Amino acid sequence: MADSSYTPPRVWKWDVESGGKFAKINRPIAGPTHDKALPVGKHPLQLYSLATPNGVKVTIMLEELLALGFEGAEYDAHLIRINEGDQFGSGFVAVNPNSKIPAMVDRSVEPHIRLFESGSILLYLAEKFGAFIPKDRAGRAECLNWLFWQMASAPFVGGGFGHFYVYAPEKYEYPINRYTMETKRQLDVLDRRLAEHTYVAGGEYTIADMAIWPWYGALVRNELYGAAEFLEAHSYRNVVRWAAEIAARPAVRRGRMVNRTWGDPAEQLPERHDAGDFDKVQAQRDPSDQSR
Ligand SMILES: N[C@@H](CCC(=O)N[C@@H](CS)C(=O)NCC(=O)O)C(=O)O
C-alpha cells in the first residue's frame with residue numbers, strides 16, 4: 001500500500017524514482033534531450049507515431065481517406081518508440097513541443113504545416129479533404145462536441161484508470177476506485193448516446209467515432225488494460241454493438257496495424273510507406289498463398 005502518512009514538502013523536487021512502467025521517460029521539464037532529425041518519406045503527409053489509442057485515431061482516418069480515393073492522403077508513417085525516448089529528439093520536438101505522439105507534417109503545402117494533438121490532426125484532415133465531418137452546421141457542431149468530449153475524457157481513462165489499474169508499481173485502492181467510477185460513467189454516457197444513434201455524432205460515421213473508438217471501443221473489446229470484466233464492459237451493449245461495427249471496417253483494420261510493434265505479428269506494420277505494405281504482412285503470414 002501507499003504511504004498514507006505522506007505530507008507533501010513545501011517545494012516538490014525531482015529527486016526520486018517514481019516507479020511504474022514509464023518512470024524512465026517521465027520528466028518534469030519540456031524540450032529536447034538530444035539532437036535527432038526526423039526521417040522524411042516520399043508522400044505529402046509525414047506521420048510520426050505509435051499504435052497507441054491516440055496514434056491509431058490518425059492512421060484510421062488516413063486509411064479511411066485513402067479508401068475514399070483521396071490520393072493526397074498518402075502518407076509515410078514513421079515509428080516513434082516512446083519507451084526509448086524518441087519523442088524527445090530535437091526533430092520531433094520541433095513538430096510537437098509537447099513531445100507526444102501522434103505528430104504530423106503536411107508537406108504538400110508551402111510552408112509545410114506541422115500538426116500535433118490527435119483531435120487537431122483529425123479536424124485538419126477532415127477539413128482538408130471535406131470528409132468524415134458533417135457539412136451542415138448542426139451536424140458539424142455535434143461532431144465537434146463529441147470530438148472534444150473524447151479529448152477531455154480519455155486522459156481520465158489512460159492517465160487515470162489505465163495508469164493505476166495496470167502501470168502503477170502497486171495497486172492503490174483509492175485512485176483505482178476514483179478512476180474506475182469515472183471510466184464507467186463515461187462508458188455510460190457513450191452507451192446512452194449510442195442507444196439512440198448509429199454513430200456518435202448521429203447517423204454519419206465521422207472523426208468523432210475515429211477518436212472515440214480506439215479508447216472506448218478497445219475497452220469493451222478487452223483490447224485495452226485487460227479490464228473488460230472488471231468494468232463489466234458487456235453491460236454497455238450499445239457501445240459493444242458500435243465497437244464491433246467499426247472494428248469490421250477494412251480501413252480500421254489497416255489503420256490499427258500501422259506503427260504497431262506488439263501483439264499478433266500478423267497485425268503489426270511498424271512503418272508504413274506504401275499501400276502495398278499491408279499485403280507484405282499478409283504474405284509473411286501465409287507464404288504458401290500465391291494468389292495475391
Ligand atoms: N492529447 C494528446 C495525447 C497524446 C499522448 O498522450 N500520447 C502518448 C502516447 S498515447 C505519448 O506520446 N506519450 C509519451 C510521453 O508521455 O512521453 C493527443 O491526443 O494527441
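In the predicted model, Tyr48 stands opposite Ala103 in β3, and 4 bridges join strand β1 (residues 45-49) to strand β3 (residues 103-106), the two running antiparallel. Helices (H or I, at least four residues) and strands (E, at least two) are DSSP runs numbered from the N terminus, and two strands pair if DSSP finds at least two bridges between them. Residues are numbered from 1 along each chain as its sequence is written. As this is a predicted model, local features need pLDDT of at least 70, side-chain atom pairs count only at pLDDT 80 or more, and totals for chains, interfaces and linings use all residues, while side-chain values use heavy atoms, with hydrogens and water left out.

The open sheet is formed by 4 strands in the order β2-β1-β3-β4, with mixed pairing, and its edge strands, β2 (75-79) and β4 (113-116), each pair on one side only.

The ligand is surrounded by 14 residues, of which Gln87, Lys100, Ile101, Glu117 and Ser118 are the closest; a residue counts as near if one of its heavy atoms lies within 4 Å of the molecule. An oxygen atom of the ligand lies 2.5 Å from an N or O atom in the side chain of Lys100, and one lies 2.8 Å from an N or O atom in the side chain of Gln87; a polar contact is a pair of N or O atoms within 3.5 Å, and within protein one must be able to donate a hydrogen and the other to accept it, residues adjacent in sequence counting only if both atoms are side-chain atoms. At Ile101, a polar backbone atom is 2.8 Å from an oxygen atom of the ligand.
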